[in-house]
Amino acid sequence: MSRLAFSAVFAAALTGCTGEASKDQAPPGDSGTTVTDDTGDGGTGEDLLQPGEGAFGGRIVDDDDAPLEGILVNLCKESCYAQRTDADGRWQHVVPADIYSFEALEGDPMAPTRGWPLAPVKVEDGSVRTLDTDVKMPLLTHQQELRTEEWVAIADGLDLFCDPNSWTPPDLAAEDAEPWVGGVRVDVASSGLPWDLLPGEPVALWYLHPLDTRPSADWSVRLRGDVGLVPGDAATLYVADYGDRSWVAFSTVTVDDEGAIRATNVPIPVMGPVVLVR
């Protein structure tokens, strides 16, 4: 799935879209729709939705739980429904019931300062859903240019074997963009990501950048230190795939009796949130 040029995304304000434009893209009025009841308490009501619609919303915060205003929040499939967070970091979408890629974006995709949340979500017909936990956009803890093949300690507990010759720019970047990688480890419990389409219990989470970069050759992952597993555990690494609107399994992880972590040498298919699932 291709994405629009970065300048077009942010020039379009609330109607910006990181997916390919199509006839199904929400018009500005629909993209800004919010469902509220008439009680005056700021609640939401299923009875105010149109048939076939559902609502999905929440709040975006930084590492210190302070609200982030103006974050572009998208629900995407062939195209995107876009909202920006208000002064309290809140947003809400009203969209046709379906499975979407939920993402929150800030700034230049080639020079982000924060990890960008991404996860598949299911919007149910007739439901109004507000995420129980605020969604965190943490500051990246590691960023570096790629000059040679090497293992990069991209975030606490996770290394990534990178090759600049097989790096591909994300859809929002220029074709001649210089190769780079970055990442941050995120606490699973306080991440705020919706886990309802994840097949198992999340025990560790990392945001890898550039988001939606698809290496053209093998980029392997290895784990180190405390990643929430104990001797005898078996787990699987999944990555959020924007285009497929799904969690994609790509590596099996085991822990031997001495506590050594072993992961199958399977390349990561796409850069994005990586979650260790038990």
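Q: What is the order of the strands in the open sheet of seven strands?
A: This is a predicted model in which local features need pLDDT of at least 70 and side-chain atom pairs pLDDT 80 or more, while totals for chains, interfaces and linings use all residues. Residues are numbered from 1 along each chain as its sequence is written, and side-chain values use heavy atoms, with hydrogens and water left out. Strands (E, at least two residues) and helices (H or I, at least four) are DSSP runs numbered from the N terminus, and two strands pair if DSSP finds at least two bridges between them. In this sheet the pairing is antiparallel, and the order is β9-β12-β13-β18-β15-β16-β17.

Q: Which strands stand at the edges of the seven-stranded sheet, each with a single partner strand?
A: An edge strand here has a single partner, so one of its sides is left without a neighbour in the sheet. That is the case for β9 (142-145) and β17 (261-263).

Q: What is the average twist from one strand to the next in the open sheet of four strands?
A: The sheet has the order β3-β2-β5-β6 with antiparallel pairing. Its edges are β3 (80-84) and β6 (118-123), each with a single partner strand, so one side of each has no neighbour in the sheet. Angles run from 0 to 180 degrees between N-to-C directions, with axes fitted as lines to C-alpha atoms. From one strand to the next, the twist averages 25°.

Q: Which residue in β5 does leucine 75 stand opposite?
A: Strand β2 (residues 72-76) pairs with strand β5 (residues 98-105) over five bridges, in the antiparallel sense. The residue opposite leucine 75 is phenylalanine 102.

Q: Which residue takes a positive phi in the hairpin of β10 and β11?
A: Strands β10 (residues 150-155) and β11 (residues 158-162) run antiparallel and are joined by four bridges. Alanine 155 has leucine 158 in β11 as its bridge partner. The hairpin has two residues between the strands, and the positive phi, near 90°, belongs to glycine 157.

Q: Why is the disulfide of cysteine 76 and cysteine 80 right-handed?
A: The structure holds one disulfide, a term for a pair of cysteine sulfur atoms within 2.5 Å. The sulfur atoms of cysteine 76 and cysteine 80 are 2.0 Å apart. The disulfide is right-handed because the torsion about its S-S bond is about 110°.

Q: Is histidine 93 buried or exposed?
A: Histidine 93 has its place in strand β4 (residues 90-96). Its side chain reaches the backbone oxygen of valine 73 at 3.2 Å. Buried means under 20% relative accessible area, exposed over 50% and partly exposed in between (1.4 Å probe, protein chains only). With a relative accessible area of 1%, histidine 93 is buried.

Q: How far apart in sequence are the parts that the pair of tryptophan 195 and tryptophan 247 ties together?
A: Rings of Phe, Tyr and Trp (its six-membered ring) pair if their centres lie within 6.5 Å; planes under 30 degrees apart count as stacked, over 60 as edge-to-face and the rest as tilted. The rings of tryptophan 195 and tryptophan 247 have centres 5.8 Å apart and planes at 25°, so this pair is stacked. Tryptophan 195 lies in the loop between α3 (188-191) and β13, and tryptophan 247 in strand β16 (residues 246-255), so the parts tied together are apart in sequence by 52 residues.

Conventions
A polar contact is a pair of N or O atoms within 3.5 Å; within protein, one must be able to donate a hydrogen and the other to accept it, and residues adjacent in sequence count only if both atoms are side-chain atoms.
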